[in-house]
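The following exercises ask the reader to work through a structure step by step. Each task is followed by its solution.

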Amino acid sequence: MDQLFFLISEGFKNVWRHKATSFTAVFTLYVTLIIVGLFMVGGENIHKIIQYVRSKYKVDVFYEQNVSDLQAKVIAEKIRKIRGVRSATVIEKKDAVNIFRDQFGEDIFDVLGYNPLPASTVVNFNRNSAKRLKFNAIIEEIKSMDGVDVVRHQGILVNKLERYYQKLLANFPFVSGLIVLIAVLVIYNTVKLSVYSRRKLIYSMQLIGATKSFIKMPFVFEGLLMGGLSTLLVYPSMLGFIRGSNFLIQSVAHLKISLSVDPFLWLWLAGLAAIISILGSYRAISSILK
Amino acid sequence: MIEFQNVTYNHQKDVGVNNLSFSIPENDFTFLIGPTGSGKTTLMRLIYFDLFPQSGIVRAGDYSSNKIKKRKIAYARRDIGMVFQNYQLLEDRNVYDNIALPLHVLGFPAKEITERVEECIDLVKLDGKEKLNPTQLSGGEQQRASLARAIVKDPSILLADEPTGNLDPVSAFELVKLLQEIHETGTTILMASHNYNLIKGRGYRIMELQNGHLRGNG
């Protein structure tokens, strides 16, 4: 029991004894975990962002002059049934007059003596699909309908956004794996350097008659403590980052998006930090103790 | 007991030891003398199984070089205390913790560790310096701390490799006197030195190494 207590306390004391190397290791862990954490937060919120962006996609469908409000409603119903369309709201001819008055301050009847404005439909799209929105196909289908005159849309921008989103989704597992791998390598090498700087201690322990496992244990506890310390720093930083981002998004950019953090994120990060630092310490000390 | 049977070990560039045969009985105090590079350190390293002979057999206590398994080396060293010319103290901890370290390795209970360490600090006259780091001590004090660390576990064999090499004559004399006191408690001691004046006339056995060969043994 005394020996176990010694090994644990030795591991913890080593962090204090070797402040400079410990600080470097904790800082490296911290930066790496921040990158991993931000990536996790990004992954968690990317869908929310694309939902918001999709909610802003709008297509205006203008009908031919001879299409009545009733016919417009029938066409709008057909549009609503297209895959990917969430809603199709009809703007009747008299509503178009009101919109014109609101926007230009004049009544078109007073100017022309008749209403030249056609009925139209505002089309909105599904937000929740992880699949790419086939925007061009939808536009083409709407254009091919009888009675449709002009379709106005932001096709180039929407297509670009949808393409990037798909690319991001496709590469997410690969990029996450790569980031975690880089994190493992960075932390492993930092811990290895920290262990290597204490090879005199290791040699002295060997001369005294310490077994390999006895020599390794304090380094493992030390790794665990450094992992814990960096996680303690990472979580408030992540929360601060998210709150700061939300403030900027809502107050400065005036967007109605609120980024969120999984309350268990710190557990994931702590687990990752613990596994990496323990394995890193263990492997580093094993390579020196050969 | 330490025993060498036709032991040869050659380094790639330096002289090692050649066909050495001798034995040091229990409770003996032996001086190993020879110029720098004569093979004294190699001989010591063979005893604590840091090196293994290319031919022949080394026996130290209950272990022999031809039978010991790699994982048992740590256990063999637990019965051997070592003192080095450059002290080998750990600079990241104080004198007390340096001396206590072997006892932690051996799994002594905390209370006994305190008693033994204080006893050794008394013996090597480092009272009041327990909390200092090795770098805050003089060379003589560091070597005495190193000696305390070597004897705190009460080893049956004590190897001292040029322990006075970095000390002034007074400190060197005091250290040899301390080793004599430790020997009187029943510890087998082998001390290597190139300073003949320090060891002559003490009535102990002197072995002389020259280019890895044993010249004098008596």
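A nonpolar core is a set of buried Ala, Val, Leu, Ile, Met, Phe, Trp, Tyr and Cys residues joined through C-beta atoms within 7 Å. The exercises below concern a predicted model.

**Exercise 1. The nonpolar cores**

Determine how many residues the largest nonpolar core has, and which of them have the most contacts inside it.

Solution. 
Step 1. The largest nonpolar core has 99 residues. Those with the most contacts inside this core are Leu32(B), Ile47(B), Ile99(B), Ala148(B) and Leu159(B).
Step 2. The element that gives the most to this core is helix α9 of chain A (residues 212-252), with 10 residues.
Step 3. Another core lies apart from the largest one and has 22 residues, among them Ala72(A), Val90(A), Ile91(A) and Phe125(A).
Step 4. Take Leu32(B) as an example and leave aside its neighbours within four places in sequence: Leu32(B) is then in contact with Lys40(B), Leu43(B), Leu190(B), Met191(B), Ala192(B), Met207(B) and Leu209(B).

**Exercise 2. The fold of chain A**

State how many helices and strands chain A has, and describe the order of the strands in its open sheet.

Solution. 
Step 1. Chain A has 10 helices and 4 strands. Along the sequence they follow the pattern α-α-β-α-β-α-α-β-α-β-α-α-α-α.
Step 2. The open sheet of 4 strands in chain A has the order β2-β3-β1-β4, with antiparallel pairing.
Step 3. β2 (85-91) and β4 (148-152) of chain A each have a single partner strand, so they stand at the edges, and one side of each is left without a neighbour in the sheet.
Step 4. From one strand to the next, the twist averages 20 degrees.
Step 5. Strands β1 (residues 59-63) and β3 (residues 120-125) of chain A run antiparallel and are joined by 4 bridges. In this pair, Val59(A) stands opposite Val123(A) in β3(A).
Step 6. Of the 290 residues of chain A, 30% count as buried. Among contacts in chain A between residues at least 6 apart in sequence, 83% join residues at least 24 apart.

**Exercise 3. The side of chain B that touches chain A**

Find how many residues of chain B are in contact with chain A, and which helix gives the most to that side of chain B.

Solution. 
Step 1. Chain B has 16 residues in contact with 13 residues of chain A.
Step 2. On the side of chain B that touches chain A, α2 (73-77) and α3 (95-106) of chain B each supply at least two residues.
Step 3. α3(B) gives the most to this side, with 4 residues.
Step 4. The residues of this side of chain B divide into 9 nonpolar, 3 polar and 4 charged.
Step 5. For the complex, the predictor gives an ipTM of 0.82 and a pTM of 0.70.

Key: Residues numbered from 1 in each chain as written. Chains lettered and ligands numbered in written order. Predicted model: local features only at pLDDT ≥ 70, side-chain atom pairs only at ≥ 80, totals over all residues. Buried ≥ 20, exposed ≤ 12 C-beta atoms within 10 Å, placed from the backbone. Contact = placed C-beta atoms within 7 Å. Nonpolar A, V, L, I, M, F, W, Y, C, P; charged D, E, K, R; others polar. Pairing = 2+ DSSP bridges. Axes fitted to C-alpha atoms, helices over the stretch in contact; angles between N-to-C directions.
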